[in-house]
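Trainee: Could we go through this model together? I would like to begin with one residue and then turn to the chain contact.

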Amino acid sequence: MAGGPDFDITTERSGAILIVIPRGEIDLATVDRIRAAVDREWQEGEDIVLDLRAVGFMDTSGLRYVLELNDRASRGALELRIVRGPRAVQRVFEVSGLEPRLPFVDDPAQRLE
Amino acid sequence: MTQEERRALAYGLVMTAGFVALDLALGNAAISGSYALGAVVAGVVGGFRPAALVGVIVLVLAVASGAWNAVFGDSGYWARLFVAAAGTLLALGAGRLHDQVAAQLRRQQLLAAVADLPEPGATLEGTVASVVDLLVPRYARFAAIDAGLAGEQVRLAARGTQPVDPATATETRLRARGRDIGALTTTVGRDGIGDPEFLRVLSGRIALALDNAGLSQQLVTVEQRLQAILENLGEAVTVQDRTGRLVFANHAAAELLGAESVEELLATPPAELVERFVSVTPDGRPLDPQALPGRAVLEGRSVEPLTLRTINKLTGEERWRITKSTPVRSPSGDVLLAVNVIEDITETKRAELAQRLLADAGAALASAVDFEQTLQHVADLAVPAVADWCAIYTPSGTLLERVALADGAAPPAIAEDALPLLDVLRGGKPELLSARDWLESALVAPMTTAERVVGVLALATTTSGRRLSDADVDLALELGRRCATAIENARLYNQLEHVATTLQHSLLPPRLPDVPGWSFGSLYMPAGEETDVGGDFYDVFQTAAGWTAVMGDVVGRGPAAASLTAMGRYTLRTAGALVGAPTLGLARLNENLRERGDLALCTVALVQLKEGGHEANLVCAGHPLPLLVRGGSAHQVGRIGPLLGAFEHGHWPPAQLELLPGDVIVLYTDGVIDARGADGRFGEERLQEAVAPAESARDAVDRIRRALAEFAGGEQDDDTAVLAMQKL
């Protein structure tokens, strides 16, 4: 059983912001699909929003990808926002000690300071 | 005057002259009455005109004979003159009769000559020319033949002098088989054919001749075309008469049926033709001659096309052919001929067999568990589809070891020593062997991967009489490549499994050390294949500040993760041993991971045990918090610190934990709480529940193992590791 049976990913665009919305479980088996979608859609100079509200589970490989996105955004001086997911997902960020260090928001429209 | 008439005139004159000479010599006046015999002879021999000429001379001589006989005016003279005149009249009658018979004869000759037309193979034009040549100049001054209906005629041929006045010419319609096909125009010549009755008969004959000439020409054309088509047809075509004998065959048939030429094929009895081949049906049964479509059709049976695999007994060449047979029936429905179309489907059939063999072999090889068993399966597939015998060899030391053998129903004696097995293994080139006394043919092909020859595949034919060809070499090479890939994969798999097992063992302590005042229990369940190295590690080691237990988890799997795992374990161990401060070890590991630059991440939970004391220091770096089991309940202890490798700088504050005897500290990786079951993920709560009643380190591990087995059952995505320790 590799990955959730029901995983899909959609992307939206709002101005110069790419919104990535994965649904289902993010693990070793599905994280590459998020990576592929972002690589395909993310255009030069666009800010990016990762909306985790529809994610039911995430393991450390998902965590690693979020860090990867964070690195890419800060290297390109772009803004990354991560919309907080359910408790189970946020717990992974908490345990890893990353919660205070990542740009979480509650609403995709919410700007960071 | 014709030659015949001149001759008759000469005969008459000579005879008359003879009588006159007798008359003069004998002085017998009575002879003059006989002068007319000359005219009679001329009439009988030459017809009316010589008879009339001789008759006039006879009468003149008879009159004149009175002078030299000095009998002018006497009664005898008049009587003799009368006899001569009567004889002359008789001669004229004979002459006319002769002329009529001759004319009749000529008409008969003309009709006979026309009836002989057309000459075999003559064209319509040729036949028309022959007809006018017959008529002119002998029977008509002018003759012309027009084709088509009146009014729309085309002149096909004309001969002689065209009459100035068209009214003097006679036009006769030419009709054949109730059809008006043209007209014959003639002007009557000396030997005239002016009789309308005769002209009608003649024109009928001419019309028939012309019709036949046209028809036969048409037939010739059709036959020539048919012949040309059949000759050029790729398919072999034969025609059998009612006795089964071949009456027609094209070149393709001669070639396919193993004959030197069409003539040789036609001269060979059918039974002998069948004998030239070993013929079997696609399912391998020998051919029943009764099933041959041509025979069935001649016997009035309807029959399906027959597919045969034939082996030429002389050359050993294998061909596949499909024979369809169609009857040619008489108007009454009797079968006169059987037309056989024999299609050579060798290429298609071979390709089909090769594809099937390769597909079956591919499927067998892909599902391989035990590759020797699989190779045996491949050998079984090759017999009898390709050969009568098949063996597969792989190197064993300096020798070749036979790992698979298929020798069909009747094992032929194959002298394997005589096959160039080692040469092919070393050279990597296939070898095709021609007939020896113990085999028909053999083929040894290397089994190659991109890099090397991993074995040898041998095929041989014996009892089937079939001779292996270049097409089989290609097939054997392809089969060899697939076998080689399977062998190589099996070898690599074994190697990888060995490496993985070795590596995995190096990442975990062979056994946990004895630590005074503490007991340990551990569990390690790698996920996935045996060849995959996991990212979880744990260790228990001594430092200057006491014993340290470590549980770590590298994000990711496989060789890259394994190298990080090793780095994590040994960095912590070394740093701990050198400085005795676990947090410095974490900082060091964090730096090492950051230096790699590829976002290598690792989580660690670390417990520093104070020997003899009643406390422990807990440090967590992004790792699930340890559980403390005390008095039948379990709860998380420690403080969360950032995982290693994510940020340049970090701070990992230790948490101090007061311990009571019997307390159990449980370290675990996320593989435990992330374990997937029917109800979702195992989770922290189930873990705490499962471990709460634990009475020892060993018991804690066992409870987690059982709970996981019950919850998740099957194979997991992630490694699972548990390290429990109890203060005694």
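**Contacts, burial and the interface**

Mentor: Glu488(B) touches Thr449(B), Arg452(B) and Val454(B), not counting residues up to four places away in sequence; contact means heavy atoms within 4.5 Å. This is a predicted model, in which local features need pLDDT of at least 70, side-chain atom pairs count only at pLDDT 80 or more, and totals for chains, interfaces and linings use all residues. Residues are numbered from 1 along each chain as its sequence is written, chains are lettered from A and ligands numbered from 1 in the order in which they are written, and side-chain values use heavy atoms, with hydrogens and water left out.

Trainee: Where does Glu488(B) lie? And is Glu488(B) buried or exposed?

Mentor: Glu488(B) lies in helix α14 (residues 470–507) of chain B; helices (H or I, at least four residues) and strands (E, at least two) are DSSP runs, numbered from the N terminus. Glu488(B) has a relative accessible area of 10%, so it is buried. The classes are buried under 20% relative accessible area, exposed over 50% and partly exposed in between (1.4 Å probe, protein chains only).

Trainee: With which side chain does the side chain of Glu488(B) make a polar contact?

Mentor: With that of Arg452(B), at 3.1 Å. A polar contact is a pair of N or O atoms within 3.5 Å; within protein, one must be able to donate a hydrogen and the other to accept it, and residues adjacent in sequence count only if both atoms are side-chain atoms.

Trainee: Changing topic: how many residues does the contact take from chain A and from chain B?

Mentor: Chain A gives 24 residues and chain B gives 23 residues. The area buried between the two chains is about 2000 Å², and carbon and sulfur atoms give 56% of it. Buried area here is the accessible area (1.4 Å probe) that two parts lose on being put together, summed over both.

Trainee: How many salt bridges does the rule find across the interface of chain A and chain B?

Mentor: The rule finds five, a salt bridge being a side-chain nitrogen of Lys or Arg within 4 Å of a carboxyl oxygen of Asp or Glu. One of them joins Glu684(B) to Arg91(A), with the closest N and O atoms 2.9 Å apart. Nine residue pairs are in polar contact across the interface of chain A and chain B, both residues being at pLDDT 80 or more.

Trainee: Which elements give two or more residues to the side of chain A that touches chain B?

Mentor: They are α2 (60–75) and α3 (87–95) of chain A. The largest share, eight residues, comes from α2(A). The residues on that side of chain A divide into eight nonpolar, seven polar and nine charged. In this scheme, Ala, Val, Leu, Ile, Met, Phe, Trp, Tyr, Cys and Pro count as nonpolar, Asp, Glu, Lys and Arg as charged, and the others, Gly among them, as polar.

Trainee: Which residues are buried in α3(A), and what covers them?

Mentor: Val89(A), Gln90(A), Arg91(A), Val92(A), Phe93(A) and Val95(A) are buried in α3(A). Their cover includes β4 (55–58), α2 and β6 of chain A, together with β22 (633–636) and α18 (683–691) of chain B. After α3(A) comes Gly97(A), with a positive phi near 80°.
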